Amino acid sequence: MIQVNAQSQRVEELRKLLQQASYAYYVLDSPIMEDTIYDRLYRELQELEKKYPNLVTSDSPTQRVGERPATHFSSVRHNIPLYSLENAFNVEELQSWNQRWIRHLPTPHSLTEVEYVAELKIDGAALALTYQNGVLVRGATRGDGITGEDITPNVRTIRSIPLRLNFEGIEPIEKVEVRGEVFLPLEVFRQINQKRQKAGEQLFANPRNAVAGTLRQLDPRVVAQRQLDFFAYTLHIPGLDDRSIANTQWESLELLQKLGFRVDINHKLCSSVDEVAQYYQYWNTERLNSPYMTDGVVVKLNAFKLQEQLGFTQKFPRWAIALKYAAEEAPTRVENIMVNVGRTGALTPLAEMRPVQLAGTTVSRATLHNSDRLQELDIRIGDTVIVRKAGEIIPEVVRVIKELRPDDTEPFIMPTNCPVCGQPVVRELGEVVTRCVNASCPAILKGEIEHWVSRDALDIKGIGEKLVHQLVDKGLVHSVADLYDLTEEQLCGLERMGKRSAEKLVQVIRESKNQPWSRVLYGLGIRHVGSVNAQLLSEKFTTVDKLASAKQSDIEGVYGIGVEIAQSVYQWFHISANQNLIIRLETIGIQLATGKSVHTRTEPNSQIAGKTFVITGTLPTLKRDEAKAMIQKAGGKVTDTVSKKTDFIVVGADAGSKLEKAQSLGIKQLDEANLLEMLMIQKTVKS
């Protein structure tokens, strides 16, 4: 017993020495021992753990690359949502953000005391790390911000991520949540691509793609070879109310370093937006000399008290913004200006342009945002303009080259009446958006239906923009509830809608009744309520009655829900037309309360997990959505396109070109019976 205790003490001593050495080498870049000494201590620890297996722990340095290859990654729910950041693309937009958060302050604050923390926006992949009693217990990808993938074995291979936190001089913390960015240093990226080129493998397009691909490797040993690095930038300590450990973002960065994390040394504490702008302008050029990719600057209000007061919009924290470097730009000619009416009644001017290549895609339309932006640009039909992709996604007009303007152009004036229903439009005090407020406007109805059937809402496949327009224009649908009254006979009378297509669509609409309450809440289209906020609200208010009867202050009390969102939700449920809609949806059988999934019969198994399936044709008894849900529940993935990555194709009657392509690629075919056998379940015969 005495010998075992002595060996246990030696194991703890060795782990501590090796942890200190790794921190000094990988985080501080200041080695404290020679490699030969480190290797000798590491070997001694290995031998002791081999001799006394009961002494092996998950945070031991020997366990960084010890796991077997995974068969698939399981989905995990983040304890704290990972919100994305609003983007700004120049100093003027940064100044606008600064004015916005000041206006949103619920209580007066001395602006002379405001500080900002500017950090480089590392171009990699976000990670969420969870530590329990100082030990790393989970590493997960960002995913959609609510749910990510558990890639803990891969995370453990990254040397700059501590397996155990350093609580020396700090009172131990039971639970710590850390957010940060995994990235590849440029030199390492070059070396990886050189090796892949010699091996005849496809090269990675950029470091970010290489990181994303590496993190999803099923074999941690492959991940370890890629030499990924990590910078921590956010610290959450659940249940800490007094902020006694860290009151500011700057203090939390310092604490992250003390705990053993690597933090980018280029962050800066700024006393004004002008100082932030100087930091941004410096790095807009200096980034070319950086050893890693950076695509902008993240700006955060330093004081946590201010952050808590400001809260969040439906997508972003109000207290932070990403100031991106200049995007790719291209010149083109404006051929027309039209005004689009969205589901909230917002009138958005759009420029129709001569097609131009931009950031790898062909662009022929660009948003002009609102009447203020339209007036500021003074854009006219016939103008030559510079366009760019905001956030590399949405095309927008940056400026007009007025020197090239034709003589016969005239200023474009926003309509005073809705271009769809002809009713007068309004612009509320304090808003930049002009709206049609006619609830019966066909454009608003079409937008509401398109939103209801969208992928993140009720996910009704088969109803696209053209079909929505037909349904509304022919008077078949006057609200989203009317979708559930549609018959095959009504649908057969529409363009490009045959009997079989109509049957399938009616069935898909019927099946959408089983979508969970969170999706239904998002599908209602309440202003400012995105899919993430709908999820948060549905967890707090588990039935529609609870949410409809909640006070505005109760709604504001949900983490991530600010005053603006709470007010919008509260007002929506107090409009009689919306109350009538809820009654109709309840009568139809739409899920308006949190409940168990209808697909709970299968569990992950080795035959399905990690495999990619394509379903084609009509199956004998299973509906396609049923088969898809069963495969996903068992850990598989279902896609619509056949490729070399497809493992199985499930074939039903009247299979088409997908089957032909699968046969040419040698992909294994399954019929419904084969699939059910793999799933190890018996199909229940319906009465």
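Which residue in β8 does Glu-177 stand opposite? It's His-236.

## What you're looking at

This is a predicted model, where local features need pLDDT of at least 70, side-chain atom pairs count only at pLDDT 80 or more, and totals for chains, interfaces and linings use all residues. Residues are numbered from 1 along each chain as its sequence is written, and side-chain values use heavy atoms, with hydrogens and water left out.

The chain's average pLDDT (the predictor's confidence in each residue, from 0 to 100) is 84, and 89% of the residues score at least 70. Over residues 681–687, though, pLDDT is below 50.

Helices (H or I, at least four residues) and strands (E, at least two) are DSSP runs, numbered from the N terminus. Four strands make an open sheet in the order β5-β4-β7-β8, with antiparallel pairing; strands pair if DSSP finds at least two bridges between them. β5 (135–141) and β8 (229–236) sit at the edges with a single partner strand each, so one side of each has no neighbour in the sheet.

β7 (residues 175–183) pairs with β8 over seven antiparallel bridges.

## The cores

A nonpolar core is a set of buried Ala, Val, Leu, Ile, Met, Phe, Trp, Tyr and Cys residues joined through side-chain atoms within 4.5 Å. Buried means under 20% relative accessible area (1.4 Å probe, protein chains only).

The largest core has 89 residues, of which Tyr-116, Trp-452 and Leu-483 touch the most other members. Helix α9 (residues 273–286) gives the largest share, six residues. A second, separate core has 39 residues, including Leu-165 and Phe-261.

Conventions
Contact = heavy atoms within 4.5 Å. Buried < 20%, exposed > 50% of the residue type's maximum accessible area, 1.4 Å probe, protein only.
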